[in-house]
Amino acid sequence: MAKMHEVTALLEQLAPLRYQESYDNAGLQTGDANAEVKGVLVTLDCTEAVLDEALENGCNLVVAHHPVIFKGLKQLTGNSYVERTIIKAIQHNIAIYASHTNLDNVLHGVNTKIADKLGLQQQRILVTKPSTLMQLVTFVPVENTEEVLAALHKAGAGNIGEYSCCSFSITGTGRFTPSAQADPTIGRANQPEQVQENRLELLFPAYLQGKIMAALKQAHPYEEVAHYLYNLENQNQEVGIGVIGELDEEFTEGKFLAYLKDKMGLQGLRYTSIGSKKVKRVAVCGGAGSFLVKDAIRQGVDALVTGDVKYHEFFDAEGRLMIADIGHYESEVYTKEIFYDTISKTFPNFAVLISEVNTNPVRYTF
Ligand SMILES: [Zn+2]
């Protein structure tokens with residue numbers, strides 16, 4: 001049987017918690033990380049109705065996009081749906097886990113799902129998150145190079161886009177003199193030493209620094225491991241907000257609106273008109289993405305598909321692009337499929353169910 005922490009570790013491979021925004025509260029909200037998983041229910045929101053559904057289906061882990069504990073709790077008396085949900089989860093030993101802005105901020109997360117539904121090609125992150133990449137330079141005796149590289153790769157260093165196990169090396173001469181107190185692998189006390197070493201260079205995501213340095217020290221044969229760490233200004237093409245891509249063909253405004261309704265299962269939407277201009281390049285951002293209008297315009301986007309757009313924010317379109325507000329729930333509801341696909345592929349030994357509860361508090365009438 002799998003433990004809770006094994007399932008959440010898998011979700012964090014896709015969306016590391018370190019990529020959540022500072023105001024967020026993603027991660028395990030209730031439950032014991034060491035408990036065994038009997039079944040998983042995936043949902044956009046964790047509500048009391050969703051917990052009932054979990055209980056009916058024998059699920060003791062609910063994976064949600066929105067953290068039910070978000071702003072903090074000062075009492076648990078059952079006065080709000082948040083308090084009642086938490087009380088119920090604890091009473092029934094149900095673990096609640098949320099993957100929220102960390103899943104918004106990675107490629108293959110919330111926004112890739114929307115882009116896939118819309119059939120966008122050449123997808124990439126709209127605005128990359130700065131300061132998420134680092135470089136390690138280290139020096140290893142030639143004969144130990146492969147084992148050190150293997151350890152660094154295992155810890156997550158050297159992945160660039162679709163390429164894994166990336167590194168650069170050049171051979172040179174390392175010089176050192178051990179002191180009388182040193183315990184050198186090569187050389188003797190107070191004797192200058194020269195060793196043929198490889199200088200290794202690897203990229204890695206900054207959040208893995210601790211793990212990678214531990215792996216380096218473990219695998220490297222030397223008592224003192226010479227290394228440099230650099231913070232990089234490089235854009236991390238896998239971390240950031242919004243996804244941009246191209247439709248297969250140019251759509252008129254009317255055709256694009258119909259397409260959007262069809263592909264995202266919408267009853268209706270709010271949008272700004274672009275008149276006779278065509279739609280080909282589209283940016284998407286699940287939830288509230290109006291803060292991306294200027295970046296979208298700068299990158300030649302014809303339509304920004306998002307939710308939660310306020311009246312005055314629609315003016316920012318200035319006729320240069322369509323802002324399409326398809327609704328917060330509607331933009332993110334397919335996030336459930338990400339959780340379902342990720343967990344069920346790796347853990348075939350327990351049931352993974354997609355919640356059938358419509359948690360959208362907003363209803364429409366026409
Ligand atoms: Zn949301």
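This is a guided tour of a predicted model, taken selection by selection. Residues are numbered from 1 along each chain as its sequence is written, and side-chain values use heavy atoms, with hydrogens and water left out. Local features need pLDDT of at least 70 and side-chain atom pairs count only at pLDDT 80 or more, while totals for chains, interfaces and linings use all residues.

Begin by selecting Phe256 and Ile343, which touch the most other members of the largest nonpolar core, a set of 47 residues; such a core consists of buried Ala, Val, Leu, Ile, Met, Phe, Trp, Tyr and Cys residues joined through side-chain atoms within 4.5 Å. Around Ile343, show its contacts (heavy atoms within 4.5 Å), which include Val7, Leu10, Val63 and Phe350, leaving aside residues up to four places away in sequence. A second, separate core of 19 residues includes Ala155, Leu202, Leu208 and Ile212.

Next, select Gly286 in strand β12, residues 279-288, where helices (H or I, at least four residues) and strands (E, at least two) are DSSP runs numbered from the N terminus. Gly286 is buried at a relative accessible area of 6%, given that buried means under 20%, exposed over 50% and partly exposed in between, with a 1.4 Å probe and protein chains only. Among the residues that Gly286 touches are Val110, Ile114 and Glu332.

Stay with strand β12 and select Arg281, then Glu246 in strand β10 (residues 240-251), a pair that ties together parts 35 residues apart in sequence. Glu246 counts as buried at 15% relative accessibility, whereas Arg281 is partly exposed at 28%.

Now move to Lys117 in helix α5 (residues 110-117) and Glu337 in helix α12 (residues 335-346), which are 220 residues apart and meet in a salt bridge at 3.2 Å, N to O.

Finish with Phe139, Tyr228 and Tyr230, which form one aromatic cluster; rings of Phe, Tyr and Trp (its six-membered ring) pair if their centres lie within 6.5 Å, with planes under 30 degrees apart counted as stacked, over 60 as edge-to-face and the rest as tilted. Phe139 and Tyr228 are edge-to-face, 5.7 Å centre to centre with 80° between the planes.

Technical notes. A salt bridge is a side-chain nitrogen of Lys or Arg within 4 Å of a carboxyl oxygen of Asp or Glu.
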